[in-house]
Amino acid sequence: MAKKQFKAESKKLLDLMINSIYTNKEIFLRELISNASDAIDKLYFRSLTDSSVTTSKEDYRILLSVDREARTLMISDNGIGMTKEELESNLGTIAKSGSLDFKKENTNENIDIIGQFGVGFYSAFMVASRVTVISRAFGSEEAWKWESSGADGYTLTPTEKETPGTDILLVLKENTDTENYDQFCQEYSIVDIVKKYSDYVRYPIQMYREKTRALPRPEDAGEDYQTEYETYTELETLNSMVPLWKRSKDEVTEEEYNQFYQKQFMDYQNPLRVITSRTEGTATYNALLFVPAHTPYDFYTKEYEKGLALYASGVLIMEKCADLLPDYFSFMKGVVDSQDLSLNISREMLQQDHQLKLIRNSLEKKIKNELNAMKNNDREKYETFWKAFGRQLKFGAYSDYGMHKDLLQDLLLFYSAKEQKLVTLAEYLEKMPEDQKYIYFAAGDSTERLAKLPTAQLVLDKGYDLLLCNEDVDEFCLQILRNYGEKDKAKEFKNINSGDLGLETEEEKKAAEQASQDNKELFDALKEALKGKVKEVKVSTRLKEHPVCLSSEGPLSIEMEKVLKSMPGAENQAVESDKVLELNPNHPVFQVMKDTQAAGDTQKLADYADLLYNQARLIEGLPIEDPVAYTLAVCKLMK
Ligand code: ADP
Ligand code: MG
C-alpha cells in the first residue's frame, strides 16, 4: 500500500515540533493521555443523549502497557475512537484539532476538553521511531490502522478491533549517548511521569504492575524452611483523579489541605491560610493557594523562584509559573487550573497570553482581600505572616515608584511607640488627636534606641504617637507613600529628624527666632568650624533636656544615607544627607560656648563644636568620624 504524505506544511511542522516545541521529551505521555481522556469525555458526553452507548461510567479507563523486550509502550482508551476519515484528517494534518472542532460544535455545553491545538499527538515522535494507531469509532464496525515512522508519511489500512476506542503503540527509538529511551518502557518511570503530569486526569489511568509476594508456608514445612516468593501482576490505578482544588472547600478537611501543601511545596509546617477561588466569566479558573507560615531560607536571595503551578484542565503545564504572581506576593504557593489554556503552550507564549493576564489580575485581588481579612479577623496570625513576609510587602509598596501603593498600603504594619505593638496606618490615623498635623515616624536600626531619641520624647509628650521603623526599607516605603488617609484628610509622613515638625507653639517659634538673632555670631563661627560636615547650625525647637541633635534637610534623611551607604558597591558614591546641627539655647553647654567665643578662644570653640557634632552623630547611630581624636578631646576635657 502506497504511503500517504503528510500535508506539505505538516512535514516541516512535524520536524519543528519534534525538535523544538517541547523541551522535555517525557511530556509525550501527558499529550497522549490527554487525548485519550478527551476521547472518553466525548463518548461520555454522547452517552448523556444516546442510549446506544452501553459503556457505563465506571468502565472508562486509560490503559498503559509496557513491554521491555519489544521496547514498546501502548496507550489504550475506550473512548469515542476515530473513523478512517477522522484518522486521516486528525492525524494526517498537523495543527488540525478534532477536539477543537468538537468544542466549537458543542459551545453551549460545559465541556472540559483538554486538546485544541492539534500538535500534541506528534510529540509521540520525540520518543518513538514508529507509531501505530488502531482505532474503531463508536457506532462503526470497522477498525483502521494508521501507521507512521515520522516525517516521511503514513499508511492507513483496515484492521480488526473488538470494541470502540483507540490503541496507540509506540516503538521506542534506540538509545543514544545523551538520550535514554528505555525509560519509557519501564514501569517505575511511567508511574512517575503519570503522577507528575496527569495525576488529576479524571479517568483512571491503569497499568498492570509486576509485584512479588510471599508464598504461604506449606503445612509440612520443616525448621529450615525459607519463605518463597512469586511474581504476579496486578492492575493498578496510577492517578489520584480528583484534584483537591476542584472539590468544594467544605468537602475537604483541613488535614487534607495541610498534607497536600506540605507534600506539594515541601514545607514542614502547615500553611497559615488556605485560599480557594473559583471563577467563571472573563477568567475561568480554579485556584488553591497557600500563605506559608515562615520565610523560606532562600526567600530573600536570587535563588528563590516565585510562581504557582499551572494546570490546563487538570494537566500540568508548568510547575512554577512566575507570571501568575506579582513580586510583592512572591511568597504565595499554590495551584491554578484553567480550562481556557492550551496545553502545548510554551513559556514565551504564556507571557503574552491574555487569559493568563486576566487570571493574574483576578488572583492579585483575591490574595489582597484574603490577607486583609486575616489582618482584620486574626491579628495574631497576621503578625506571624508579617514577621515572615512583611518586608516583601513594604518593598512592593516602594517599588515601581509607588505604583502599587493603593493595593498594599492597608496591609502594612508598623510598630507604634505609644501602643507598644504593631499597628496599621488606619489605626494610627484613627487615634490621632485633632491638632496633630503629621504621621510621625523615626527610622533606625533598633526600636529601643529610637524610642529614646530626644525628639521622640518630644512627640510622645505632646500626646502624639510615633511609628518606630527599624527596617532599611521602611523610610523609603513611607517616603514613596507620602501620605495616608482619604483625599482631603490625608496626613503626611514626617521623619522626626527632618525639617519642621509642626510641634512648637507660636511663642516657642518666636523665642527660637530671637535666640538665633541674639547669637548670630556664635552660629556663624560654629558653622565655619564644621564646614563640610553640616550645612547649617541653628537653634533647636525640638530639644528640651539635650544640648544638641542632628537633623536633615531635603529628601535624603540621615537614616536613608546609612542604608544607601551600607549597600554593596555604594562605598564610592556620594550619598550624604544635608545635615543640620541643632543647639538647645537653654542648655548650660550653650552658655559655655558663648563664653568661649566671648573669650576669643577660636581653637577651643572649634574643639567644642567638634565634640558636640560627634555626640549628635552618636545619638543618630552614625559612626564618629575620627574616634581617636574624639576620645583625646574628651580626655582633655576631663583633665
Ligand atoms: P489536540 O489534542 O490539541 O486536538 P492532538 O494532536 O493531540 O491535538 O490530536 C489531534 C486530534 O486527533 C484530536 O483533536 C482528536 O480529534 C484526535 N485524537 C487524538 N488522539 C485520539 C484518541 N485517543 N481518540 C480519539 N481521537 C483522538
Ligand atoms: Mg492533544
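Let's start at Glu86, which is partly exposed because its relative accessible area is 33%; here buried means under 20%, exposed means over 50%, and partly exposed is in between, with a 1.4 Å probe and protein chains only. You'll find Glu86 in helix α3 (residues 84-92), where helices (H or I, at least four residues) and strands (E, at least two) are DSSP runs numbered from the N terminus.

Before going on, know that this is a predicted model, so local features need pLDDT of at least 70 and side-chain atom pairs count only at pLDDT 80 or more, while totals for chains, interfaces and linings use all residues. Residues are numbered from 1 along each chain as its sequence is written, and side-chain values use heavy atoms, leaving out hydrogens and water.

Now for the rings. A search of the whole structure turns up 29 aromatic pairs. Rings of Phe, Tyr and Trp (its six-membered ring) pair if their centres lie within 6.5 Å; planes under 30 degrees apart are stacked, over 60 edge-to-face, and the rest tilted. Take Phe331 and Phe385: the pair is edge-to-face because the ring centres are 5.3 Å apart and the planes stand at 65°. Phe331 sits in the loop between β12 (315-321) and β13 (333-338) and Phe385 in helix α9 (residues 379-402), so the pair ties together parts that are 54 residues apart in sequence. Phe331 is buried at 1% relative accessible area, and Phe385 is buried too, at 0%.

Tyr438 and Tyr440 make another edge-to-face pair, 6.0 Å centre to centre with 80° between the planes. Both count as buried, Tyr438 with 17% and Tyr440 with 0%. Back with Phe331 and Phe385, ring pairs link them into a cluster whose members include Tyr300, Tyr382 and Trp386.

Tyr401 lies in helix α9 and is exposed, with a relative accessible area of 80%. Gln420, also not a glycine, has a positive phi near 60°. Gln420 lies in the loop between β14 (413-416) and β15 (421-424), and counts as exposed at 55%.

Technical notes:
Chains lettered and ligands numbered in written order.
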